[in-house]
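Visitor: I would like to learn how to read a model of this kind, feature by feature. Could we begin with the metal sites and then move on to the interior?

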Amino acid sequence: MPLIPTIGLEVHVQLKTRSKMFCGCAVEFGAEPNTRVCPVCLGYPGALPVMNRAALEMTALTGLMLGCAVPEVCKFDRKNYFYPDMPKNYQITQYDQPLCVGGGVPLNEFAYPKDAQKSIVNPGKTVRLTRIHLEEDVAKSQHFESSTGIDFNRAGTPLMEIVSEPDIASPEEAFAYLIALQQILIYGGVSDADMEKGQLRCDCNVSVAEPGAPLGVKIEIKNMNSISAVRRAVAYEIERQIAAVQKGERLVQSTRRWDDDSAQTFEMRSKESAHDYRYFPDPDLLPVDTSVFMDEVRTRRPELPHEKRDRFVRDFGVTPYDASVLASEKALADYFDAAAKSARKPKNVANWIINDLLSALTTAEKTIVDCPISAHALDELVNLIDAGTISSSQGKEVFAAMFATGAPAAQIVEERGLKQESDSGAIEALCQQAIANSPKAVAEYKAGKLQAINSVKGQVMKLSQGKANPVVVSQVLEKLLAE
Ligand code: ZN
Ligand code: MN
């Protein structure tokens, strides 16, 4: 029997609150170590925690975006353990009454790695969630040559833990899950979810078993810090476990770490030393009545990436791929929305954004947020082309000038005398001149070789210095040559 993998992910997300979870200290990165601290986040005995309402609301909003239920009451518990970077030796977290339960993350095809988008095994799959709970982050240890320093600036930062069901069937699905989740978190404004900055941290539970059999021994890969590394680590671990089982080895429940340089996982500890955290309700914190803020939080639910994608396809006639590019980033989607609203052909606006604007931004090392061409200005340019006032090759020139100077399209067209010639009288004179210059091509055309007209057309364009409207040129030439 073949062995199949089962994967579940636990994701910790740093919330974008101004202050910490249980005290008023600022959440701030890059500050001088141990300068954003107080008796509460330093864990002094007797210091009393006070809940951060914004963190509760952001977690509830995440739950709404992911289709979770938000029970009427949630509560905080102490998870007891020896924490080298948490002097009170318990973490305040949520045990049996988390803020959100159920829900799921829809995996859209464009969230998969590019090389895997053509061979998706379960299109339209949604990975179910077990729960989302809220807790506090620990301090950050820094290891020096012969000592360790601890920075408490991070201690007490609100952390949201999103736990999936063991629903994920491949490294590619794990990748798609994280990309889709990251997009939604950014859309909701609850986190910047940058894995490299540690704002999103992922533990992967991987097991293998025969199809239909109970789940195999669960092995956890801790603290992954990039989405592509998650894909590699999970792929490696699946292969390692299958090879071990086939050799007759007995796998034990354990925790491993991924080393990206050697591309292997290494055992850190086995579950012989399983902890009993002795959870109990934190006596300093009352249970939370979520109805106090839920009505207001519901009004904050944004349109989600997949909803925008569907709307772009439906309302603007954009292809699903282009719609997914445009919806992948909220600021980009807003830009497209603004530009497409008054466009004659919104699809052409999408093409200009995807083919020209994004690459110009990349070259200029800018983002859509500091784009020198406003959405309205781009729309004006595209409308000039769609109306035939300028040709699309003139459009490229105008676009470049707009990008460099920020001037509006109409002004550049005027200054450079770029108007396309669409007057058929003027064009007819040029066509007659070109016909007179090209007896051979004309003869071939009349003998039935229709593409011979292209060289005549090329002459007309040259004579007009590129300004003749090519559609009008074709019409006039065909008319003249039919006579
Ligand atoms: Zn504090
Ligand atoms: Mn946790």
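Guide: Let us start with a definition: donors are N, O and S atoms within 2.8 Å of the metal (3.2 Å for Na, K and Ca), and because water is not among the atoms, sites may look incomplete. This is a predicted model, in which local features need pLDDT of at least 70 and side-chain atom pairs count only at pLDDT 80 or more, while totals for chains, interfaces and linings use all residues. Residues are numbered from 1 along each chain as its sequence is written, chains are lettered from A and ligands numbered from 1 in the order in which they are written, and side-chain values use heavy atoms, with hydrogens and water left out.

Visitor: Which residues coordinate the zinc ion (ligand 1)?

Guide: The SG atoms of Cys23, Cys25, Cys38 and Cys41 coordinate the zinc ion, at 2.3 to 2.4 Å, and along the chain these donors follow the spacing C-x1-C-x12-C-x2-C. Cys23 and Cys41 both lie in the loop between β1 (4-14) and α1 (53-65), so the pair ties together parts that are 18 residues apart in sequence; here helices (H or I, at least four residues) and strands (E, at least two) are DSSP runs, numbered from the N terminus.

Visitor: Why is the arrangement of the four donor atoms around the zinc ion called tetrahedral?

Guide: Four donors count as tetrahedral if all angles lie between 85 and 135 degrees. Around the zinc ion the four donor atoms subtend angles of 101 to 116°, which makes the arrangement tetrahedral.

Visitor: What are the protein donors of the manganese ion (ligand 2)?

Guide: They are His12 (NE2), Glu135 (OE) and Glu161 (OE), lying 2.0 to 2.2 Å from the manganese ion, with the sequence spacing H-x122-E-x25-E. His12 in strand β1 and Glu135 in strand β7 (residues 126-136) are 123 residues apart, and the pair links distant parts of the chain.

Visitor: Is His12 buried or exposed?

Guide: Buried means under 20% relative accessible area, exposed over 50%, and partly exposed in between (1.4 Å probe, protein chains only). His12 counts as buried because its relative accessibility is 15%, and Glu135 is buried with a relative accessible area of 4%. Thr126, also found in strand β7, has 40% relative accessibility and therefore counts as partly exposed.

Visitor: How many residues does the largest nonpolar core have?

Guide: In soluble globular proteins, nonpolar side chains tend to be buried together. A nonpolar core is a set of buried Ala, Val, Leu, Ile, Met, Phe, Trp, Tyr and Cys residues joined through side-chain atoms within 4.5 Å. The largest one here has 68 residues, and Ile162 and Tyr177 have the most contacts inside it. Helix α2 (residues 171-187) gives the most to this core, with nine residues. A second, separate core of 44 residues includes Val318, Leu326, Ala340 and Ile385.

Visitor: What is Tyr177 in contact with, leaving aside its neighbours within four places in sequence?

Guide: Contact means heavy atoms within 4.5 Å. With those neighbours left aside, the contacts of Tyr177 include Leu9, Val11, Val105, Leu107, Ile162 and Ile168.

Visitor: Why can helix α6 (residues 320-327) be described as largely enclosed by the rest of the structure?

Guide: Six of the eight residues of α6 are buried, so the helix is largely enclosed by the rest of the structure. Among the buried residues of α6 are Asp322, Val325 and Leu326, and what covers the buried residues includes α2, α5 (305-316), α7 (330-340) and α8 (346-363).

Definitions and conventions:
Tetrahedral: all angles 85-135°; square planar, octahedral: opposite > 155°, others 65-115°.
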